[in-house]
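Please open the model in your viewer and keep a selection panel at hand. The stops below move from charged pairs to a surface patch and then to the pockets.

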Amino acid sequence: TVRVRGRIDRVCVGKIAGRAAFNVVDYKTGNSTGHTKNSVLDAKLIQLSLYALAVQRLGLVAEDALPFQLGYWFIKETGFKKILDTGTVSGDCLEEHADWQELQEKLEAYIPQLAADIRQGNFPVYNTDPNCTSRCEYSKTCRVGQIRSL
């Protein structure tokens, strides 16, 4: 069993094409850099996806409700930024978006593996940003800088 906990900032509930739908919004005080659709689809940013799954599976909305959009509200920037369409309107019907179906399957495998790695103390150092140590105040002590040459 993997228990996950968090606090959802905002769930907007309504109807789209006659079907119950909801959006999940998380407020951010930082900048929007790195908060992209691909980061969510690649399971690098899992917060919004987990919140949407929780809302849907824990019965926080109507049983047949579908997530429609996942996004962040950047307080210091332009406000709401949609990250992922999880629902799509086809004609006069709301359906699950293919990206959402794929992401759910990915999370079903990824979350238990992540929990197992954490329980075993497996914390590999990996950073996709080749310039991360050039602008970080912790660059002298950061493990990324220490292993990058390897």
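With which residue does Lys 28 form a salt bridge, and how far apart are the closest N and O atoms? Select Lys 28 together with Asp 26: the two form a salt bridge in which the closest N and O atoms are 2.9 Å apart, a salt bridge being a side-chain nitrogen of Lys or Arg within 4 Å of a carboxyl oxygen of Asp or Glu. Asp 26 is buried, with a relative accessible area of 3%, while Lys 28 is partly exposed at 21%; here buried means under 20% relative accessible area, exposed over 50%, and partly exposed in between (1.4 Å probe, protein chains only).

Before going further, note that this is a predicted model, in which local features need pLDDT of at least 70 and side-chain atom pairs count only at pLDDT 80 or more, whereas totals for chains, interfaces and linings use all residues. Residues are numbered from 1 along each chain as its sequence is written, and side-chain values use heavy atoms, with hydrogens and water left out.

Now zoom out to the whole chain. The protein chain has four helices and six strands, taken as DSSP runs numbered from the N terminus (helices H or I, at least four residues; strands E, at least two). Read from the N terminus, its elements follow the order β-β-α-α-β-β-β-β-α-α. The C-alpha trace spans about 55 × 40 × 25 Å along its principal axes, and of the 150 residues 31% count as buried.

Return to the charged pairs, of which a search of the whole structure finds four that are salt bridges. Select Lys 37 and Asp 99 next, whose closest N and O atoms are 3.3 Å apart. Because Lys 37 lies in helix α1 (residues 37-41) and Asp 99 in helix α3, this pair ties together parts that are 62 residues apart in sequence. Then pick Glu 108 and Arg 57, whose side chains meet in a salt bridge at 2.5 Å, N to O. Glu 108 belongs to helix α3 and Arg 57 to helix α2, so this pair links parts that are 51 residues apart in sequence.

For the surface, select Tyr 27, Trp 73, Ile 75 and Phe 80, which make a nonpolar patch of about 360 Å². Patch residues have over 30% relative accessible area and no salt bridge, with like charges joined within 9 Å and nonpolar side chains (Val, Leu, Ile, Met, Phe, Trp, Tyr) within 5 Å. Tyr 27 lies in strand β2 (residues 19-28) and is partly exposed, with a relative accessible area of 34%.

Finish at the pockets. A pocket is an open set of points on a 1 Å grid over the protein atoms alone, where a 1.4 Å probe fits, with protein on both sides within 12 Å along at least five of seven lines; lining residues have an atom within 4 Å of a point. The largest pocket holds about 510 Å³ of space, and of its 17 lining residues the closest to its centre are Val 2, Val 4, Leu 50, Leu 53 and Ala 54. Helix α2 gives the most to this lining, with six residues.

The second largest pocket has a volume of about 150 Å³, and its lining includes Val 2, Val 4 and Leu 50. Here the largest share of the lining, five residues, comes from α3.

Technical notes: Accessible areas come from the Shrake-Rupley method with a 1.4 Å probe; for residues, only the protein chains shown count as cover. Grid points are joined across faces, edges and corners, and a volume is the space filled by probe spheres set on the points.
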